[in-house]
Amino acid sequence: MVVTVLEEMRIRSLGVIDDAVVELSPGFTAVTGETGAGKTMVVTSLGLLLGGRADPALVRLGARSAVVEGRLAVPRDASAIARAEEAGAQLDDGALLVSRTVSAEGRSRAHLGGRAVPVGVLAEIADELVAVHGQSAQQGLLKPARQRQALDRYAGDALVGPLSAYDRAYRRLRVVSAELGEITTRARERAQEADLLRHGLSEIEAVAPTPGEDERLAEEAERLRHAEVLASAASAAHGALAGDPEDLEAVDAATLVAGAQRALDGACAHDPALAGLADRVREIGILLHDAAGELAGYAGDLEADPPRLAAVEARRADLTALTRKYGEDVTAVLAWAERSAGRLATLDGDDERIEELTAERDALRAELARSARLLTDVRTRAAERFAAAVTAELGSLAMPHARVTFAVRQTEDPGGVVVDGRALAYGPFGVDEVELLLTPHPGAPARPVSRGASGGELSRVMLAVEVAFAGTDPVPTYLFDEVDAGVGGRAAVEIGRRLARLARTAQVVVVTHLPQVAAFADRQLLVEKTDDGSVTRSGVKVLEGEERVRELSRMLAGQENSRTARAHAEELLETARADAPR
């Protein structure tokens, strides 16, 4: 039973399309029309819905933005539904509504199930639901890297384990090799750095500064340099507070406060407020007495000490020598010493680290070689099956004598990994170089498809590859744009017949210019321009009966009413009906 995935698309202001609705159905749908009518915009629209790159040049001239909306009917148990719901999407009567807006300024917005989502979410869902193949994909098949990707996809689950193990070892090997290379190539620089750190730490250790020592010594030096001035000031202050025994007529603060206290003592009993003031005067007297005592002690203890001052200044000079090199103060110097000790330990451990990294590198290269051997084995077996499947498909596409093979080769490299005694170049996907070869007929040499296949042959090879994928890694919907390029005659008929068979188990949408292909479609859509050169809603319509015969006649001979072309068109339709399953 065919599951319809893409039910409908609405396209507005995209390329030559002004406003059009494309209604799709199960089975095989062919999209036809005159050159330039906008057939390829159908493929472009689907590409946007499925997370493709947004090109502002596609926005119709004069429009502010292009909008593509689609309705996807997806089985409820599909993982695409789970991913959509994870992104916040809601189903509409069991279907996913998808929209993509591209502004003329280049901004792009995507919505899934009524919620704004990153474009990448659409691409994730598309991987499971739709396979889109256009001329760019056909050209991509010419590249060895894409051919290796195709083979890996065909290999399926058998490749997942070895490739995952290889990837882990490869990534870790890159990290280890980079660190090992950095240590060994910069060995001289690191040795010089270690010597400088060692010298600095030695200087700091010799001085042995303590936290805050520079501040304490600065205060002590200032006091020792002004010892006489400080002692004289303290003595004068003491005299002002407690009196000068050599000047009996002088009035000191203690005597004045004592007199004030005596005056209040006799009267404070009559008023609590005055008693409170008397207490405060008494406290002042006590404070004056204490301050006077401390000033006397300070003046008595302080005396000029030239030897001590010289020692302090010498110590400060040692500390200044450190702060000029290693920090703005002693605290910063000690912090530098702590950091440098850690860095020196790292540098001094280089030899040990080199041994560790070398051992790990060798182990990783051995693991890489084991995984690479497994990858080669899996790819080689898959290549035989894949080539046989593609060759069988070519037989049904009017290339009965053609043969496809996959060459799985390796390149020797003295610096590579050793696999089965051979040093081989390696990369992120193993040691294998994969190339798709085509032998068009017996006796012809096998040549890379990039050089040995004509345009028509390449189109059929790509279709055969996709059909082979359908047997091992199917998706519900296939969309082909100009898959029949460079093909005509019997080969075109066979392509149409093969697409019709594929449509028995999947939804197939084909943009084609070949009547032989369109005749095999279950449904044919015509894209046509109006007089103003735009495509409107009425410009995409389903062709049935006489209308379909006229369109096939136009495609055959460029004349809708040619009797010969009409007869041929009816014959093509009859051939397709005869080939359909009963």
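Which residue in β16 does Thr29 stand opposite? Thr29 stands opposite Arg523 in β16. The structure described here is a predicted model.

## Strand β3 and its parallel partners

Strand β3 spans residues 28-32 and pairs with strand β16 (residues 523-527) in the parallel sense, over 4 bridges. Strand β15 (residues 507-511) also runs parallel to β3, and 4 bridges join the two. In β15, the residue opposite Thr29 is Val509.

β3 is mostly covered, with 5 of its 5 residues buried. Phe28, Ala30 and Thr32 point one way from the strand, while Thr29 and Val31 point the other way. In a regular strand, side chains alternate between the two faces of the sheet.

## The six-stranded antiparallel sheet

An open sheet of 6 strands is arranged in the order β2-β1-β4-β5-β6-β7, and its pairing is antiparallel. At the edges stand β2 (17-23) and β7 (115-117); each has a single partner strand, so one side of each lacks a neighbour in the sheet. From one strand to the next, the twist averages 15 degrees.

Within this sheet, strand β1 (residues 6-14) and strand β4 (residues 65-73) pair in the antiparallel sense over 6 bridges. Leu6 has Leu72 in β4 as its bridge partner. Helix α3 (residues 119-129) packs on the sheet and touches β4, β5 (95-103), β6 (108-112) and β7. The direction of α3 makes about 55 degrees with that of β6.

## Helix α1

Helix α1 (residues 39-49) is largely enclosed by the rest of the structure, because 8 of its 11 residues are buried. The buried residues in α1 are Lys39, Met41, Val42, Val43, Ser45, Leu46, Leu48 and Leu49. Just after the helix, Gly51 takes a positive phi of about 90 degrees.

Two packed helices are described by the angle between their axes and the distance between the axes. For helix α7 (residues 187-207) and helix α12 (residues 306-326), the axes come within 10 Å and cross at roughly 155 degrees. This angle makes α7 roughly antiparallel to α12, and the crossing is left-handed. From α7, His199, Gly200, Glu203, Ile204 and Val207 meet Arg315, Asp318, Leu319, Leu322, Lys325 and Tyr326 in α12. By class, the residues of this contact divide into 5 nonpolar, 2 polar and 4 charged.

The axes of α12 and helix α13 (residues 330-348) come within 9 Å and cross at roughly 60 degrees. That angle makes α12 oblique to α13, and α12 passes α13 in a left-handed crossing. Here Leu319, Leu322, Thr323 and Tyr326 of α12 meet Val330, Ala332, Val333 and Trp336 of α13. This contact has 7 nonpolar residues, 1 polar residue and no charged residues. Leu319, Leu322 and Tyr326 of α12 take part in the contact with α7 and also in the contact with α13.

## Thr405 in strand β9

Thr405 is found in strand β9, which covers residues 403-409. Is Thr405 buried or exposed? Thr405 counts as buried because its relative accessibility is 17%, and the cut-off for buried is under 20%. Leaving aside residues up to four places away in sequence, Thr405 touches Ala387, Glu435, Leu436 and Leu437.

Methods
Residues numbered from 1 in each chain as written. Predicted model: local features only at pLDDT ≥ 70, side-chain atom pairs only at ≥ 80, totals over all residues. Heavy atoms only, no water. Buried < 20%, exposed > 50% of the residue type's maximum accessible area, 1.4 Å probe, protein only. Contact = heavy atoms within 4.5 Å. Axes fitted to C-alpha atoms, helices over the stretch in contact; angles between N-to-C directions. Parallel < 35°, antiparallel > 145°, perpendicular 65-115°, else oblique. Left-handed = near helix turned anticlockwise from the far one by under 90°. Nonpolar A, V, L, I, M, F, W, Y, C, P; charged D, E, K, R; others polar. Pairing = 2+ DSSP bridges.
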